[in-house]
Amino acid sequence: MNHQQHEWIIEPQSSLFDLKLKDTWAYRDLLWLLVRRDFVAFYKQTILGPLWFFIQPLLTTIIFTFVFGNLAGISTDGLPRPLFYMAGITAWNYFADCLTKTSTVFKDNANIFGKVYFPRLIMPLSIVVSNLVRFGVQFLLFLMVMAYYYFIGAKFNITWAIALFPAIITLMALLGLGLGMIISALTTKYRDLAFLVTFGVQLLMYATTVIYPLSTAKSNYPDYAWLVEYNPMTPLIEAFRYGFLGQGTFSWFYFGYTAVITLIVLFSGIIIFNKVEKNFVDTV
C-alpha cells in the first residue's frame, strides 16, 4: 500500500501576489475540520442548537413586518410583507455573517496562528463555507414560507432570474469575505474597528433594499436613492427577490457593477490579508 508523502518548505513570502492557492487546496481537509468545529461549538453554546437558524430569521421577519410594514407603512411592491422581508433577511444574513465573522479572524485565532503553519486563507474560507450551511437552512425556511403563500393564493411568480441564484450567493460570499479580510487585517493595529463592525453592518443594512424596495427609495427619496443603488449588495438582493418572487428592480448593468466591485474588494482583501499575515503575531 503506497502512502503519498508531502514535503513542505516554509519560506517567507516573496510577493504580495503570491496567494498560495496550491497550499490552500492541499489543506482542504483542514477546511472541513474547521467547518465542523464551528458547528459543534455553536451547538454546545446554545440550548436550542440548530433551531436558532430558524428562529432568528422568523423573529426578525415578524419585527420588520410589524415596525416597517404595519407601523411605518413602507411599500413591499405588492408582495406579502412577511415574504418580502424574509427574502431580504435570508440574503442579507449570509453576507453579514461572512463579513462579521471574517472581520475577527486574526483576533479570534491568534493562538493557533502563532503555533502552527497552514495557509491562513483557510480560516476565512472555512467561515464562508460554514455560513453557507446556515444559509441553506434559512433558505429552506424561505421556501416553506413561499409555499404557504402560494397555497393561500398570494400573488407572486418565479422568473428567469432564478437562474442567477448561484451567482448571487457566490458574489455575496466573496464580497463578505473580501471586506471581512480587509477589516480583519486593519483590526490587528486598530482594535477599535472590531467594535464598529457590528454597528457598521447594521447601518449598511438600512442602505440596502432589505426593508424597502429600490422603487420606493427612488420615488420617495430621489436625492439619496443613488446611495442605495450603488451599494453593491442592493443589485444582489433585488435580483434575489426578482428571481423568486417576480418583484424587484433588476439591471444587468448594476449586476455587472456588483461583480466588478466584488472582485476588486476580494483581490484587495487577499493582498492586505497576506501582507498582515507576515507579522501580525507581533501586533495581535
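Helices (H or I, at least four residues) and strands (E, at least two) are runs assigned by DSSP and numbered from the N terminus. The model is predicted, so local features need pLDDT of at least 70 and side-chain atom pairs count only at pLDDT 80 or more, while totals for chains, interfaces and linings use all residues. Residues are numbered from 1 along each chain as its sequence is written, and side-chain values use heavy atoms, with hydrogens and water left out.

The protein chain holds 13 helices and 0 strands. Of its 284 residues, 47% count as buried, where buried means under 20% relative accessible area, exposed over 50%, and partly exposed in between (1.4 Å probe, protein chains only). A contact means heavy atoms within 4.5 Å. Among the contacts in the protein chain with a separation of 6 or more, 80% are between residues 24 or more positions apart.

Start with helix α3, residues 52-71, where I63 is placed. I63 counts as partly exposed, because its relative accessibility is 48%. Together with W52, L59, I62, F66, V67 and L71, I63 makes a nonpolar surface patch of about 690 Å². Such a patch is made of residues with over 30% relative accessible area and no salt bridge; like charges are joined within 9 Å and nonpolar side chains (Val, Leu, Ile, Met, Phe, Trp, Tyr) within 5 Å. A salt bridge is a side-chain nitrogen of Lys or Arg within 4 Å of a carboxyl oxygen of Asp or Glu. Accessible areas come from the Shrake-Rupley method with a 1.4 Å probe, and for residues only the protein chains shown count as cover.

Next comes helix α7, residues 122-151, which contains L125. L125 is partly exposed, because its relative accessible area is 26%. The C-alpha atoms of L125 and L174 are 9.6 Å apart, although 49 residues separate them along the chain.

The loop between α7 and α8 (165-187) contains T159. T159 counts as buried, because its relative accessibility is 12%. Leaving aside residues up to four places away in sequence, T159 touches Y242, G243 and G246. The side chain of T159 reaches the backbone oxygen of Y242 at 2.7 Å. This is a polar contact: a pair of N or O atoms within 3.5 Å; within protein, one must be able to donate a hydrogen and the other to accept it, and residues adjacent in sequence count only if both atoms are side-chain atoms.

Finally, helix α13 covers residues 252-277. At its start, a side-chain oxygen of S251 comes to within 3.2 Å of the backbone nitrogen of F253.

Key:
Expected span 1.5 Å × (residues − 1).
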